[in-house]
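Hello,

Here is the structure you were waiting for. My notes follow it.

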Amino acid sequence: MSLLKISGSPHVHGDNSVKGVMYGVVYAMIPAILASIYFFGLDSLKVMLVSVVACLLFEYLIQKYLIKGEVTITDGSALITGVLLAFNVPSNLPVFVIIVGAFVSIVITKMSFGGLGKNIFNPALVGRVFLLMSFPVEMTSWPIPKPLFSGKVLDAITGPTPLGILKEGLDVGKSVSELSQQLPDYITELLGNHGGSLGEVSAIALLIGAAYMLYRKIITWHIPTSYLGSVIIFSGILWLINPELYINPLFHLVTGGMILGVFFMATDMVTTPMSPKGMIIFGLGAGIITMLIRIWGAYPEGVSFAILIMNAFVPLIDKGFKPKRFGERIKNG
Amino acid sequence: MKTFKRGGVHPEENKLSENQPIEVLSVPKRVTILLGQNLGASSKPVVNKRDKVKVGQLIAKGEAFISANLHSPVSGTVLKIDDVPDQVGYNKAAIVIDVDGDEWVEGIVRSSEIAKDIKLSKEEIVKKIQEMGIVGLGGAAFPTHIKLMVPEGKVLNVLIINGVECEPYLTADHRLMLEKGEELLIGINILMKGLGVSKAIIGIESNKADAIHHLKELANNFLGIEVQSLKVKYPQGGEKQLIKALINREVPSGKLPLDVGCVVSNVGTAFAVYEAVQKNKPLIDRVVSVTGKSVRKPSNLLVRIGTPISDLIEKVEGLPEDTGKIIGGGPMMGKTMISLNAAVIKGTSGILVMREKESSRIAVKNCIRCAKCVSVCPMGLSPYLLAIYGEQERYEDAGLEDVMDCIECGSCHYICPSGRPLLDYLRVDKVRVGEIMRNR
């Protein structure tokens with residue numbers, strides 16, 4: 001027997017680990033990964049591979065040669081960023097643009113702030129927004145889905161997203177009922193057979209992953225519920241006021257990056273509040289900002305901006321909304 | 001099923017010794033009785049070197065308000081009164097007695113016949129409990145007689161008996177409930193009389209179904225004692241959590257159970273009270289679980305206070321080859337021991353032998369802000385933040401964030417995926433905040 005160990009309690013540890021948490025998220029993304037390959041073919045696989053490899057490589061290079069510290073690229077976090085970044089771009093995005101996105105995500109947004117756990121903003125979202133502003137054309141020409149084995153021969157044809165159709169149509173004075181003929185029906189939107197970024201296409205696949213994360217307790221219900229709730233209420237009120245000018249809440253829920261953003265980005269633990277109350281405030285704020293942008297903003301989609309804006313509020317939210325203490329407080333005078 | 005609401009974790013239960021009946025450990029050759037083994041002030045020795053003592057003889061007196069009497073658990077000669085290392089390695093004043101035979105003082109009833117009639121009055125009960133040196137046997141060793149002295153103006157309506165034993169591995173209370181059920185119910189009746197309450201609730205976690213069943217049946221013959229099954233959740237044995245679980249009252253920050261109309265006592269304590277009041281027997285022995293995954297014979301032993309830990313280990317067929325850590329108490333709140341030479345004290349509920357491979361902490365990583373520590377904290381604190389304050393020595397801020405409410409249950413460190421030593425930082429916070437408060 002060697003020497004006895006001395007340490008403070010507790011002397012047992014639960015089965016949690018950073019890797020366990022991160023790979024849980026990775027598993028949750030598998031249905032959406034498969035869906036995007038199905039709808040966008042091997043192009044989407046290429047985008048994901050480039051994004052993941054670039055993210056891992058940037059993190060490796062920074063840790064190995066700049067920080068000269070421990071290399072932690074196997075912890076799963078850079079892998080998540082890589083896949084999420086790919087989920088946020090169209091499948092025909094040029095390789096060098098993806099690499100720029102990975103650079104912004106990993107090097108600027110994550111490693112500059114101290115690596116995993118220290119970043120203020122969601123790395124994949126900053127990468128996406130940077131690309132959207134720097135490469136607006138490449139980032140907004142979405143290929144029309146061409147499901148594998150469907151026999152369709154629609155090569156390299158691009159089309160707008162449902163949100164884009166709506167925004168442009170409303171801007172030129174068309175009514176919702178006129179535009180709805182051009183919009184895919186809800187079943188199509190749920191399953192994913194419409195234009196958009198890789199991870200935006202199939203709400204069902206994303207929801208399966210989300211259910212898994214909720215089951216594994218990797219995420220909690222607070223942010224998704226308050227986010228979706230505020231979107232429904234916000235768009236619902238406007239829809240009730242004038243259904244010809246404002247489309248119904250269901251459309252907002254199933255289109256664009258809503259499901260992806262709500263369940264995979266707004267729940268990123270590093271960049272969201274710590275207390276349940278704070279999480280609810282975060283979700284409410286993100287929902288309201290999303291709708292403000294979608295309805296009155298310059299962009300058709302507002303999920304990424306909304307989440308990034310709320311990321312910036314997290315320190316304040318954490319300060320203002322503490323968990324409820326056990327027992328009433330008695331002020332000592 | 002009832003439980004407390006906020007926070008909590010469910011570590012592997014590992015109740016390896018739950019089916020082992022309590023065995024009496026033979027009297028050791030030498031005992032070491034620490035003078036400061038109860039919460040509060042140390043006891044003052046009333047014997048000298050070379051004095052002959054008998055089993056049950058008063059050897060140190062609790063003179064301060066919060067203090068307890070100590071009695072010799074053996075008969076023999078006082079070898080020395082000197083500083084010796086305690087279980088965690090600090091030098092503490094102790095009375096060391098060399099054992100000679102097993103001669104008891106007169107007046108202690110040693111038969112196991114159950115004495116049901118409570119003859120003493122309320123005041124006499126409190127006095128007897130104080131005289132017999134009874135302290136809480138759940139671990140904190142708070143002198144029991146103080147709990148029975150209810151200050152004027154406080155309304156008390158229920159006695160809560162802690163049979164939760166939420167610490168993994170430990171089974172001493174479980175066995176006591178099974179084997180000494182009637183005695184401990186009489187003990188509860190005595191405590192009720194001492195407090196002047198007509199109702200008592202025993203809280204037991206549902207993983208001890210046999211004990212719940214047994215005590216429920218016995219309780220039919222006792223007035224005002226209710227047995228309540230609780231969902232298994234750590235730290236339900238925490239006083240505040242148990243009160244919340246059983247009667248849905250929250251003890252305010254910095255206040256006592258008395259402030260919400262109840263007093264909490266452990267099942268082991270209730271049994272000791274029975275022996276003190278009905279059998280005139282001071283607190284000189286207790287049940288200790290000796291357990292661990294590699295321990296050859298996990299056991300529950302009735303041992304005299306002051307027995308060297310090595311005697312207990314010998315009884316379970318020695319220290320396993322792969323031992324890495326020895327803990328006094330359970331794995332969540334117990335303290336690591338520096339050697340086997342230290343002695344059993346009144347608060348020793350178990351000796352846990354951990355394997356080498358279970359003994360190391362996982363590597364510490366950055367906080368990933370997963371908020372698990374916040375969600376498991378039973379006191380509603382923000383352990384991640386308090387740990388940051390500890391790291392940055394911002395103790396004023398830690399105080400403002402209510403670090404003093406921390407009950408040191410360790411759930412935060414247990415759950416942290418980054419293996420951050422959150423409770424280590426919180427303990428430092430608490431010491432420093434305590435200093436700041438005293439200096440004010």
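**Notes on the model**

In helix α13 of chain A, the residues A:Met258, A:Gly261 and A:Met265 meet A:Val303, A:Ser304 and A:Ile307 of helix α15 of chain A. Please keep in mind throughout that this is a predicted model. By class, the contact of α13(A) with α15(A) has four nonpolar and two polar residues, and no charged ones. Helix α13 covers residues 258–265 of chain A and helix α15 covers residues 303–320; their axes are 9 Å apart and the packing angle is about 25°. Because angles under 35 degrees count as roughly parallel, α13(A) is described as roughly parallel to α15(A).

Also in chain A, A:Ile233 sits in helix α11, which spans residues 222–241. A:Ile233 has 15 C-beta neighbours inside 10 Å and therefore counts as partly exposed; the buried class needs 20 or more, and the exposed class 12 or fewer. From A:Ile233 to A:Gly287 the C-alpha to C-alpha distance is 9.5 Å, although 54 residues separate them in sequence.

Next, the contact between the chains. Chain A brings 34 residues to it and chain B brings 56 residues. On the side of chain A that touches chain B, there are 14 nonpolar, 13 polar and seven charged residues.

The largest nonpolar core contains 223 residues, and those with the most contacts inside it are A:Val83, B:Leu159, B:Ile188 and B:Val273. Helix α1 of chain A, residues 18–40, gives the most to this core, with 12 residues.

What does B:Leu159 touch, leaving aside residues up to four places away in sequence? Its partners are B:Ile188, B:Leu191, B:Met192, B:Leu195, B:Val197, B:Ala200, B:Cys262, B:Val263 and B:Ser265. One of these, B:Ile188, is itself listed with B:Leu159 among the residues with the most contacts inside the core.

Last, the domains of chain B. Domain 1 runs over 122–279 and domain 2 over 372–439. Their C-alpha centres lie 29 Å apart. Where domain 1 of chain B is in contact with domain 2 of chain B, five residues of domain 1 face six residues of domain 2. The domain 1 side of that contact divides into two nonpolar and three polar residues, with no charged ones.

Regards

Terms used:
Residues are numbered from 1 along each chain as its sequence is written. Chains are lettered from A and ligands numbered from 1 in the order in which they are written. This is a predicted model: local features need pLDDT of at least 70, side-chain atom pairs count only at pLDDT 80 or more; totals for chains, interfaces and linings use all residues. Two residues are in contact if their C-beta atoms, placed from the backbone, lie within 7 Å. Ala, Val, Leu, Ile, Met, Phe, Trp, Tyr, Cys and Pro count as nonpolar, Asp, Glu, Lys and Arg as charged, and the others, Gly among them, as polar. A nonpolar core is a set of buried Ala, Val, Leu, Ile, Met, Phe, Trp, Tyr and Cys residues joined through C-beta atoms within 7 Å. Helices (H or I, at least four residues) and strands (E, at least two) are DSSP runs, numbered from the N terminus. Axes are lines fitted to C-alpha atoms, for helices over the stretch in contact, and angles run from 0 to 180 degrees between N-to-C directions. Angles under 35 degrees count as roughly parallel, over 145 as roughly antiparallel, 65 to 115 as roughly perpendicular and the rest as oblique. Domain bounds come from an automatic or database domain assignment.
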